[in-house]
Amino acid sequence: MPKTRNETSGQRGPSKKRKADSEIDKPKKASSRLKQTESFVARRTQSKAKLSMLPSLSLDILFEIFSHLSPIDLIHLARTTKDFRRLLMQRNTTTIWKSAFAQIQELPQCPSDMSYPAWAHLAFEPVCHNCFTTNIRNISWILRTRLCNRCAKTCLENVDKFDADKNEVDKDILECVPFDDDYCGMECCLESDRKRFVEELEAHKHDRKDFVEQRMTEIPVRIDHAIDCEDWSESLANGRANELQQIRIDRRNAISAKLFEMGYDKELDFLTAERLEDVEHSDYVPFHKHPLVKQPKLFKDKNWDSMKDTLRDYMEIVRAYIKRKERKDLIWKRREYAALAWFDYRMVECDPGTFLPNQIDIWLWSPVKDIIEQPSEIEVTKDSFEHAFRGLPAFTNAWQTDKLEQLVRVANNNLKWLSFPEANDLERATCVFSCSNDFQHNLMGCYQEDESCIMWFPEFIYHRCNSLSRRRWGDKDETITDLDSCQSLSAESEASGFRRRQWSTRWLFFDDKASRTVKNILTACRMPLSTRVQHLDREDPRLVCLKCSFGAKCDGERVFSVMTWRTAVQHNLKKHFGDGQTTFQRISSLDALEAKRLEAAEPARRISALPNHPQQPIDRPWRCTLCRDRSVEKGALTLAEMRKHYTKCHDGKVAIEEGVDYYRSYDRAPSQPYQVRMKPRDPDVDPQPGPMYIAAI
Ligand SMILES: [Zn+2]
Ligand SMILES: [Zn+2]
Ligand SMILES: [Zn+2]
Ligand SMILES: [Zn+2]
C-alpha cells in the first residue's frame, strides 16, 4: 500500500460541522473583517449580474470559456449559482472537466469509479472531507480522503480492530476494503468504506463469493493509482518548494538592497557570513529567519514603509552585537599577546618547573589587565607588556604566597588534630591533601585502580586539577567566563576536551586519615611530627604493618610485606580504611637494604612469575620547558619521549638538559617500588647477617 505523506497541518480552522449537500459543496471562508465582507458581497452581485446573461450565451461559447479553466476554478464556479452547478454536473460537460484536468501536468487519470468534480475536490481542495476545516494537506490517496486530526479519530478504523482468523466478515473487510498502511499514524480504513462494504455484503448473500472476488480484484488497481498520485503530489511539492525558496531568496535580496541603501552593508556582510557558518545565538534571529524576511511572499516596494522601522531596529541590534564581538575578539587577541610575552619572560627569568602563574593568572594581574582593556583604538602588541612586566617578580612572589596561604586555609579548615600556622608547614609529611575530582582523574588516567589520590608537598601545589578543567563544564569559580572559547588554552594531551583554568584549590581537601597514618609512621620511625616530606624521603624507611599481623612484631620468623612510607599510607587507606589506630614497625637498616635490593629485582621477577599480571605504569616524570602551558604541550614524558619530542618539535635539538630544556613534573609523587615479602628480624636486637626473605608472593 502506498505510504501517504503525513503532512498533518497543525492549524485547525473553524470546526463547526456542516452537513454537506454534495461532495463538492464547501462553505465559503467567512471573514470577520467588514471590508472583506463588503468586497465579497460586491463580487457576488457582480457575478450574479454576469450570470444573468447566461441564457444569452450559447453553450458552445460557454464550453469554450470553461475549457480554459482549471479543475479548482470549475469547482468554485459550480458553487456560485444553481445554474452553473447544474450545468457543470451534467454528464455532457465531461469534456470541460477533461480539458481542465489536461492542464495539470502528470496528474494521474480520474479513477473510473469517481466523478470529475469529486476527483478535483480530492486532489485540489485542502479541506477536511468530514468537517471542512481548511488547510488540510494530510491526504490519503488510497482512502481518497483528507481528514483533520480530530476527524481522523472518528472516521478511521484501525486494522487491529479486525481479526481475519476469527471472523469471516473481518476477513472479507481486510481483503476488499481499501486500507492505508500509514495514515494519521496507523494502518486504517475509512469507517464509511467499511460500513458500505458490509451493507453490500449483506445484499449479496446469494453470490457472496463472486462479490468478494470482484472486490478483491479492484484493490490492486486502486493501490497502483494511489502510488501514481503520491508520486505526482510529491513531485508537485518539490517543485513548489523550489519555487517558494526562490521567492524567499528574491525577497531577502530585495530587503538587503533596501538595508544596504540605509548604510547597513557591514552588518549585511556579517549576517551572510553567520548564515554560511550556521551561527545562531540568543542576541538576534539570523537575518534569513527574521519574520519579515523569511516569508515566501514577493517583496513589493509599497510594503517597505511598514517594515522599515522594524528592520532598522533589528539592524541596530546586529550593529551593537558586532561592536561587542569586535571588542571581545580584540581582548582575546591582546590576551594572546600577553601570554606570548609571559612565555618569553618566563623562559629568561624563571627556573623551569617552578610554581608559577599560568597565562590566565597573568591576564588577571591588574597591570596586564589594564593594558588588555585599553580602548580599542590603542594598538596593543606583545611588546606593549614589557614595561608592566617589570613588576612581575613582585607579582609572582605575591601570587605564590597567596596560593600557599589558600592551601593553609584549606588545611586548617579540615585539620582536626594539629594545626599548620604557616605556609612552611605545608612541607610537613603530616600535611596530606587529596583531590575530590575523581571523574577528572579517571579521564586523565591519573591513578591506578587500587591507588588513592593522596598528595604531599609539592604535589598538591602542582596537581593537574588545580589548573585544568573540562571544556563546557563551566567551573563557576572562574573570573573570566568565556575561557571555553579560547583554543590556545587547550590541554588535550592531559585528556580530551581539557583546557587550562585559573589556579584554584577548588577540589582539594586536607586528608585527615592519611595525615594520622603519617603520624603513626613517624612515631614508628621515632621521628618528630614536624618532619618534612623531603627529610622523610631522604630517610626512606621501610615499614611493616602491625595491624595486618594483629600486633605481632618482626621476629625473623614471621613473613611481612615491606613498604616505603608512601606505600604504607596507601596500604592503610585501602586495607584498613584509613584506621587512625594502625601502627607500623620500621625494619632494621640492614633489612631495609635487603628490601631495596629485592625491590630492584621485583619487576623482572614479576614479569617471569606473573606474565599476565598488570605491571606498574611507565614512569613519566618530565615536562618540556618550551611547551609549558601551551596548547601543543605533550604532557608528562619519559626521557626517551622527551628526546623524540625535541627532535620533532623543537628544531631537532639533540643535546637537551634537565632543568633547562625539560623539568621534573611535580604533580605526582615519585613512583614507588613494589612491596616485597620478607622475614625481617627484630630491629631492636643486633641484626644478624643474611636476612631471610621469601620471594614468592
Ligand atoms: Zn475534520
Ligand atoms: Zn584532582
Ligand atoms: Zn596492614
Ligand atoms: Zn616542547
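**Exercise 1.** In which helix does Asn-466 lie, and is Asn-466 buried or exposed?

*Solution.* The model is predicted: local features need pLDDT of at least 70, side-chain atom pairs count only at pLDDT 80 or more, and totals for chains, interfaces and linings use all residues. Residues are numbered from 1 along each chain as its sequence is written, chains are lettered from A and ligands numbered from 1 in the order written, and side-chain values use heavy atoms, without hydrogens and water.

Step 1. Asn-466 belongs to helix H18 (residues 464-467); helices are DSSP runs of H or I with at least four residues, numbered from the N terminus.

Step 2. Its relative accessibility is 1%. Buried means under 20% relative accessible area, exposed over 50%, partly exposed in between (1.4 Å probe, protein chains only). Asn-466 therefore counts as buried.

**Exercise 2.** Find how the axes of H2 and H4 cross, and name the residues that meet.

*Solution.* Step 1. The axes, lines fitted to C-alpha atoms over the stretch in contact, with angles from 0 to 180 degrees between N-to-C directions, belong to H2 (residues 59-66) and H4 (residues 82-89). They come within 13 Å and cross at roughly 80 degrees.

Step 2. Angles under 35 degrees count as roughly parallel, over 145 as roughly antiparallel, 65 to 115 as roughly perpendicular and the rest as oblique. H2 and H4 are therefore roughly perpendicular.

Step 3. Leu-59, Leu-62, Phe-63 and Phe-66 of H2 meet Phe-84, Leu-87 and Leu-88 of H4, where contact means heavy atoms within 4.5 Å.

Conventions:
Helices (H or I, at least four residues) and strands (E, at least two) are DSSP runs, numbered from the N terminus.
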